[in-house]
Amino acid sequence: MGYRKIRGVTPPGQYFLQGDEACAEGAVAAGCRFFAGYPITPASEVMEHIVRRFKDCDGVFVQMEDEIGSIAAMIGASWAGAKPMTSTSGPGLSLMMENIGYAAMTETPLVIVDIQRAGPSTGQATRPGSGDMLQVKYGSHGDYEIIALSPWSVQEIYDMTIRAFNLAERFRVPVFVLSDEGVGHLRENVTVEQEVTVFERDKAPGQPPFHTDEPGGVPPMPCFGDGEKLLVTGSTHDPFGYRKTQVSEVHERLVSRLVGKIRNRADEIVDTDSYFLDDGPDVLLVAYGITARAALSAAKVLRDEGQKVGLLRLRTIWPFPERVVVESAQKCKEVVVPELNQGQICREIERLLDRDVISLPQTNGETMKPTKIIEFVRERAVTQP
Amino acid sequence: MSKHLYKYLRTEVFPTPFCSGCGHGILMGAILRAIDELGYDMDGMLFVSGIGCGAWIPSPHFAADTLHVTHGRPVAFATGAKLFKPSLKVVVISGDGDIASIGGNHLIHAARRDIDLTIICANNGIYGMTGGQVAASTPLGMRTSTTPDGNRERPFDLCKLVEAAGGTYVSRYSVHQVKPLIRSIQRGLEHTGLSFIEVLSPCPTQFGRRNVSGTAFEMLQTLKEDCVSRQKAETMGSEELKYKIVTGEFVTS
Amino acid sequence: MIKQVRICGFGGQGIVLAGVILGHAGILDGKYAAQSSSYGAEARGSACKSEVVISDGWIDYPHVLKADILIAMSQPAYNKYCCDVVPEHGVIFHDEELVTPNPQIALSHFPVPATQRALQIFDNRLVANTVLLAAVVSVTGIVTPDSLKLALDKTLDGRHLEANKKAVDVGFQLGSIVKKH
């Protein structure tokens, strides 16, 4: 098993798709054949589109009674052999949190698409935000790791959804396509290739499904009905799934492995993109999602004006691209983080750098305009020459 | 437990964690006898359970695929597994607090969908594992750790609830009615669509000691006296039935 | 070359759909297109805007900053966006019946009797968006007429497709005679 190339379901070619639709197309291409969801703006189009696409590939769709049920059904289906997905937004994500921890604990592969809207609470349902950046990582109780990817275009949400499934299967972990209304409801060119690279689970009969001696390793995952008599539990368990809720060493070893399998493989997962960093710019913009497009646009305008501005774009949010951020920041005088929240990722960067990081927050339910970044950088250049 | 049933069990985890006098051991035996008599292959079965004493009946005891999930959600987990792999025989075994209180929404929607699951609800009328708090199934007037002066809230009639929501096989038996219980579990397993079997199971540790029912034996005696068959109930007046529990099959469509 | 188009009006007028068809026509011309919209939670009646950016290459920022072309189908939408048009070469197309231009806006205005013709010819005001869009395409050449028709084929089906195809022809015709104010 492992990585292999398959023929995609969608005929190759050029399409004009909404981000939500492209996400569903990517899922189908990656082999997703189970979707459990609940309606929510601005993520419902993912679900509506996959319902149409499942007709062509015998996928199983169920609209559950709530988001708690959606993620529960996904976990059940994943252990029955499916590559499952759901799509949601902040309020639904909040409801899923307990079972996200369950999926992390039981090492269940699944993909959760979060088309972020302006929160907190019901907030502005139809408008973009990036307020869930920390929630996806820290929202469930206890210590665990997840993977979160952040697309900035419709093409990228297609490609990243495929990658999300591969990472989920490869690492047996919940993976988030952490997008926003700006990308989810954007319609753009999408190129669909004939061949898709997918990761297939290693079943390894008889092997312990919850342990491997390999440091940072991922155990094999058999499925229900294989005759393995699987014991799957969210309680602390030994390599074969027997509950060991009173044994401290078992808990320590399990939690360390759940965290380690992601942290130790961060270099395999982390993915970034950079612009104008070669000359050691004065200002480093660090951005992600739809905001990174405003940042790139701003960087180009400022470069034309003679200002040395560069951009580091985070395509992976979790595990956090620590090494790249530190290395990029070393070359620059100032680090500015424009984002559609009150500085969530800025704080994460501050944690890494031994200096001030400048937050450029925006929580007004609009995508950030390049002019906001341009004016901010110009003003700082004047006041802090 | 009869030795011939050991092949269905992970005997290495014995003894079971159930208190002496708990009805869940009888229910565990009844489920395995039903499976044994039907000749089912446990390798084709999946047992899903939530959190609570009832959830421990299959996990880790049953030598089959078991999925022990978050509190209240086993029916939703089971829904996903069954829909993706219809060849699996999927059985939910969990308590009343798990299935009917925190998980009540999933229960009624599974019944509405009439999805092909068998749900066995071990109803002891109380939250046993967490220390005897009042449940949505605690009878009126009963003392629990959170109703020291007696429960003032009416309990759910779980069978009526599932029937109204669209379940297509619905029954209720007590663990003292072992033979009809086994037969009912078999019917539930053989039924296509949602089957719901409520099993009254005494909890001497949390329920008994706070209420008049006393010892485990006395609780079973009381349960026996309180239960009347559906057929007999039809001949009784509402005043007579006030403190009775009607058992039998309610929906067999 | 990069062109920014803003289409605005009320929810239910087909504002979003017009943007989707225009963007789709753009990619059929071999270009990059980005279409987005903003709307309220109501399905009908609230203010609605659809934006399309069409470019020869990758589009950094996918939203409209200043419109090269504004297409207005309601007075409140016109009033809101008429100042957000490129002063040098920006043009405004508006439904003749639904929008009265502000005389203080010194930009080229093209009044198009889209709703009136939609009612007159099709007895259906729902195709007014397509009539207006086709007139815009005819006057500005932002996408080719063939791609516009093909985009309709790819976006709509059944009875909607037939009516809208006819509406495109009406719009092209109006475009050839519409006079700048």
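Predicted model: local features only at pLDDT ≥ 70, side-chain atom pairs only at ≥ 80, totals over all residues.
**Entry 1: the enclosed space**

Residues are numbered from 1 along each chain as its sequence is written, chains are lettered from A and ligands numbered from 1 in the order in which they are written, and side-chain values use heavy atoms, with hydrogens and water left out.

I searched the whole structure and found 1 cavity of 30 Å³ or more. The largest cavity has a volume of about 70 Å³, a volume being the space filled by probe spheres set on the points, which are joined across faces, edges and corners. I looked up its lining and listed Phe210(A), His211(A), His237(A), Asp238(A), Pro239(A), Val250(A), Arg253(A), Leu254(A) and Arg257(A). By class, I recorded 4 nonpolar, 2 polar and 3 charged residues in this lining. Here Ala, Val, Leu, Ile, Met, Phe, Trp, Tyr, Cys and Pro count as nonpolar, Asp, Glu, Lys and Arg as charged, and the others, Gly among them, as polar.

**Entry 2: chain B against chain A**

I next examined contact (heavy atoms within 4.5 Å). In chain B, 31 residues are in contact with 36 residues of chain A. The two chains bury about 2800 Å² between them, 58% of it on carbon and sulfur atoms; buried area is the accessible area (1.4 Å probe) that two parts lose on being put together, summed over both.

I then looked for salt bridges (a side-chain nitrogen of Lys or Arg within 4 Å of a carboxyl oxygen of Asp or Glu). The rule finds 2 across the interface of chain B and chain A. One of them joins the side chains of Arg113(B) and Glu65(A) at 2.7 Å, N to O.

The largest share, 7 residues, comes from α2(B). The residues of this side divide into 14 nonpolar, 10 polar and 7 charged.

**Entry 3: chain C against chain A**

I repeated the search for chain C, where 20 residues are in contact with 22 residues of chain A. Chain C and chain A bury about 1800 Å² between them, 59% of it on carbon and sulfur atoms.

I counted 1 salt bridge between chain C and chain A. The side chains of Asp60(C) and Lys300(A) meet in a salt bridge at 2.8 Å, N to O. α1 (15-28) and β2 (32-38) of chain C each supply at least two residues of the side that touches chain A, and β2(C) gives the most, with 5 residues. I recorded 12 nonpolar, 6 polar and 2 charged residues on this side of chain C.

Notes
1 Å grid on protein atoms, 1.4 Å probe; cavity = no way out; pocket = protein on both sides within 12 Å on 5 of 7 lines; lining within 4 Å. Helix = DSSP H or I, 4+ residues; strand = E, 2+ residues; numbered from the N terminus.
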